[in-house]
Structures are given as C-alpha cells and as structure tokens.
Amino acid sequence: MINLVWLVPLFPLLGFLINGIGRNFLPKSIVGLIGCLAVLLSFGVSAGIFYELSESSATSYHQPLFSWINAGNLSIAFAFQVDHLSSLMMLVVTGVGFLIHIYSIGYMHNDKGYAKFFSYLNLFIFFMLLLVLGSNYVVMFIGWEGVGLCSYLLIGFWYKNDSYSSAARKAFVMNRIGDLGFLIAVFLIFRYFGSVEFGDVFAKAALMPAGAPVLVLITLLLFVGATGKSAQIPLFTWLPDAMAGPTPVSALIHAATMVTAGIYMIARSNILFTLSPVTMDVVAIIGLATAILAATIAITQTDIKKVLAYSTVSQLGYMFLGLGVGAYTGAFFHVITHAFFKALLFLGAGSVIHAMSNEQDLRLMGGLRKKLPVTFFTMLAGTIAISGIPPFSGFFSKDEILAHVYEHNKIFWIIGVIGAMLTSFYMFRMVYLTFYGKFRGTHEQEHHLHESPPSMTIPLIVLAVLSVVGGVIGIPEVLGGHHWLAGYLAPVFAMSTAKGTALALEHSTEYLLMAVSVGGAIIAAVIAYVKYVAKRHVPASDHAERGILARISYNKYYIDEIYNAVVTKPLDFLSGFFYKIIDKAAIDGIVNGLGKATSLAGRGLRLLQAGNIGFYLFMMVAGIIALLLYGFYKI
C-alpha cells in the first residue's frame, strides 16, 4: 500500500479538476459525491499506509516520482516521504477533512457557488497533503504556498462582501511575510548542507555542535514562516478575521490544514531546533505569549466564531510552547486532539448559526439547548475537551505539554496554567450564553429554530466521540497507560531524544500538576456558570462603557489599529507618493512626453506627404528663396 502513496494527494486533485471544470453543469448531488469521495478514498489509502507502516520494521519510506529541478549543483526530486509523522498527519487531514466535506453538503446546499466551493475544498486538501508528504523543503514549500492560496480563495469565497474580501487579502499578505522567512531558510539550507532533502539535511545537522550560528539563523527563519502560517505573534491577526469565510472553511483552516502546517514543519525539522537552544527559547516565549494574549481577548468577544478563532490562536500557542521546551510528541499530540475538538466546535457553531438564520452574536442567543440537542451535547463535549478536563482528549495532550513546561521553567508553567483556566472560562461562557437561559433573539428567529440535518449532525457526533476518546492514544504511564503515540513517533524524534533529556518528574509531582490544572479549569467553568447562568449576565452592547481592562480586551489590545497606524498607513502614503510623483509625474511624464513629441513631429512631417499641391509650391518657393539667400550670404 505504501507504494500507492501518490494516490493520496491525487484523489483530491482529481476532485478539484472534475468539480472545477463541471461547476456549471454538474448537479449538486454529483458535486457533493465527487468532493467527498475524493477525500474518503485518500483517507482509505492513508489508513492502509498507516497499518502497513505500523506492522513494518521500517521507519521511513522514500518514493521519488520524477526528477524535478536540475541546475548546476542543485538537484531536487519531486518525492514523497512516508514515516510515522506523515502517516498520522495524513489520517488527520483526510479524516477530519472528509467529515468537513460531508458537513458542507448540508451547510452550503443553497449556495450558488456550491461546485466551486467543493473544488476549492479538494484543492486545499491536495496542497496540505503535498506539504505533509514532501520529502524535501521545496516540495513542502509548494504545499505551504498552496494552502495559503486556497485560504485566500475560501476566506474570500463570498467576495462581494468587502469585509470578507479584506479578510482574505489580510490573510494572504500576512502569510507572505512569514513565507519570505521560510524561503530564505530554504536557500540557506541548500547553501550550507548542499541539499534540501530532509534525510540529508538532518543527518549532517546531527553532527554539528549545538548552538551553531547557521543552525540558529536557519531555525529562526523557519520559525518566522511558522508564525505566519500558524498565527503566532506578531502575525496572528489574520486568523480571527479568517472566520469571514463559510464555517466549514473555518473548521478546515483551524483544525485540519493550514494552521497546523507550522507545527508540522517544526516537528519535522526537530533536530535543527533541538540543536538551536536560542531558537527553542524564542519559540517557547512566543508560543506562551500568544496563548495568553489570545485567551485574554477571547474572554470578552461576543461573536461565537470569533471566540473560537481566538481559542485556536491560544491553543496553537500551547503547541509552540510544547515545541519550544522539546515536548515534540506532546505538541503533536495536541495537534491531533485539537483537530478533533476544534473542527467539532466550529461545525457546531455553524449549526447554531444555521438555526439562528446567520446570527453570530452570543448576546442574541440563549436557551438553544432544547431546540438543538445534538448540537448542544456535541459542543459541550468539545468544550470539556479543549478545557483540559479528564478524561476527555484535550486533558492528556495539554497535561503532557504543561508537565514538560514545568520541568523546563516554573514561571512558564504558572502562566500556562493561568491560560488553561482562561480557556475553560471563555469556552464555558460561550456554551452558557448560547444554550442556557432565555432566548434573546427575535420572535422570527425563535419560530424557525431547528436542529441541523443529518449531513451536519453526523459529523458532529463522530467528532464528539473522537474528542472524548481521542486521548487514549497518549495515556501516560502515571495514569496506567503506555503512551502509544510516544512509542509510535519515537523514530521521528530519535535524534532529538538522543541529544535531550527525558521527562523525569516523580509520579507524585505529576499528580500534583494534574490536580492544579484540572482544578483550575473546573473552578473557571464554575465561575462562568455563576456569572452567565445563575446571575444571567449578558455582555454589554458594543457602545456601552467598559472598564479599562475589559475595553482593551474587547478591542483586542488595539493591535489591528496599531498595525494600521504603524504599517498600513505609512505604506499607503509611500504607495501614493510613488504612484503620484514617481510613476505618474516622473516616469509617465517622460514616457508620455516623448510620445507626444514624436506624435507632433510626425504630424509636421506628415504634411510633406499630404498631396497638397499648394503646400508643395509654397515649400519649393521657400526653398529657392533660402538657397538664394544662402548664395548671397556666401558671396
């Protein structure tokens, strides 16, 4: 089955081509079938590869497809690499992606761009699989750029809305900034290692001393790329705006594809980062700062999708924190569990929005628990999972990260636990405002409240089950498990493990850490219950007076305004200057002036060939007179 790995990205590519070409005449039923079947087939092949790799003693499989770039010393093959990391990632991308495709059949059924939407979704999956399967940094970069393009197309899918188009442009531009860092890093990798193949680069890097300047430079540049794709400080503001796209797109971007790219790339390059302690500290600090910043913003947001968007930014911060302290398995574990519960939460939010006739404001919801029972119970499962409450999946992955953080830096751990408490608070706040209390919408909305169709609720149920039991793949020894995931991924992180130190906490300490983080999450949930259910508090209107901290949080630390003042406006001014002065006045003036002068000269010369006998006689007489005058002058 591993020999057929090329089929995994091929199926979504075919789905994109068929639905894209036939978008104007294929019936919706066929479009949905093709879109879903393409991803399901990829999932089937991925599952077969996963099984075969699990049963095999081989840890990696390299499949060259064709010679791609040959110039001088540069020789790059278009090749795939299948190992334990990419096999798991393939399952996440195609498995969660398939459920999102199924959900889209119901959610997008009445949209005029139905076929175009499915073709874009398939293309998104194709590029993500290319990113995952690439055996070198260049193939990975093609997938990296491809998911950026697809995010632009899908975030701005309803492009006639100016704010949606602006959100798409914002995502595109911010990602290009990060991509520049990634691209320079690839050039440096080839310059210093003579290859961009993962195997060659990592083998040579493992022989280098820790802290080598070139490794620090390369990893810092790679991390710049990761900050753009995975929405970390300072390139995170595009992700909350990305919710402008249809809700299935939000689920796909936030859970299964784009934002996980940065985590995957660093996990893939783990030996480079392990040998760059300075970069590791930067990754951990940026991740922790992002986690806290986004969590403190989420606690005051009133748009249901925006709360989830900031929670994604925050959870990605935890993943980077894990990577920064060397907990590669823990960070990737959180990628998997987060894919389950974040896809669930976004699709659940879509179900709520669908029932509320496109209303997204939490202040205008309430009391939906009985009207949307499937949506309620599944979103509750996702909320418990992301809050880190056992035995749901998020508890195991987040606890593993926090345990490594505790051993690395106690201050970081305290801040991380505070962030976990904030997560629990804003997530339960969202659930309470949506499903508890009295309905606060209009009579028209209340009259039409209904549960979503099976095409939307079945994916919710499947994802809810995964959110509940997904942690079983990483139950630690202290809780009686064997941490299957750590054993499975051990070959991928073997070189880093050999150069690092294993987690060496006493079991009593681990129990204590768990008790603190779980206790904090439960206390935060209770506080939210008292405020939003018992006391029936409803967030103030947009224009109401707020305390200074609430105002800063509600306005997202004014970061967009700061970027607008510091970056956008100066760039707009420079663009206007170059357009009006340099381009229009100088360059256009010279070019147009030469054109006009030539045109005028042409008009004058044209008179010589105009066939006007009177003009010819006049010129002849003038010429004779001129010759006579010249002759007299010479005499």
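**Stop one: the annotated domains**

Select residues 136–423, which is where UniProt, in an unreviewed entry, places "domain: NADH:quinone oxidoreductase/Mrp antiporter transmembrane". UniProt positions are in the numbering used here, feature names are shortened, and annotations may be inferred rather than shown by experiment. Over residues 136–423 the chain is 76% helix and 0% strand, with the end C-alpha atoms 37 Å apart. Helices (H or I, at least four residues) and strands (E, at least two) are DSSP runs, numbered from the N terminus.

Before you go on: this is a predicted model, in which local features need pLDDT of at least 70 and side-chain atom pairs count only at pLDDT 80 or more, while totals for chains, interfaces and linings use all residues. Residues are numbered from 1 along each chain as its sequence is written, and side-chain values use heavy atoms, with hydrogens and water left out.

Now pick residues 68–118, listed by UniProt (again an unreviewed entry) as "domain: NADH-Ubiquinone oxidoreductase (complex I) chain 5 N-terminal". Here the chain is 57% helix and 27% strand, and the end C-alpha atoms sit 30 Å apart.

**Stop two: a hairpin**

Colour strand 1 (residues 60–71) and strand 2 (residues 74–83): they pair in the antiparallel sense over ten bridges. Pairing requires that DSSP finds at least two bridges between two strands. Click Ser 60 and look across to its bridge partner in strand 2, Asp 83. Then go to the turn, where two residues lie between the strands and Gly 72 takes a positive phi near 60°.

**Stop three: two helix pairs**

Two packed helices are described by the angle between their axes and the distance between the axes. Axes are lines fitted to C-alpha atoms, for helices over the stretch in contact, and angles run from 0 to 180 degrees between N-to-C directions.

Show helix 2 (residues 28–55) with helix 3 (residues 84–107): they pack at about 155°, with axes 8 Å apart. That makes helix 2 roughly antiparallel to helix 3 (angles under 35 degrees count as roughly parallel, over 145 as roughly antiparallel, 65 to 115 as roughly perpendicular and the rest as oblique). The crossing is left-handed, meaning that the near helix is turned anticlockwise from the far one by less than a right angle; clockwise would be right-handed.

Next, show helix 8 (residues 213–229) and helix 11 (residues 260–268), whose axes come within 7 Å and cross at roughly 155°. That makes helix 8 roughly antiparallel to helix 11, and their crossing is left-handed. Leu 222, Phe 223, Ala 226 and Lys 229 in helix 8 meet Ala 261, Gly 262, Met 265 and Ile 266 in helix 11. By class, that is six nonpolar, one polar and one charged.

**Last stop: the loops**

Finish at Lys 556, in the loop between helix 24 (548–554) and helix 25 (559–606). Its phi is near 55°, a positive value in a residue other than glycine. Tyr 558 lies in the loop between helix 24 and helix 25 and has a positive phi of about 55°.

Conventions
Contact = heavy atoms within 4.5 Å. Nonpolar A, V, L, I, M, F, W, Y, C, P; charged D, E, K, R; others polar.
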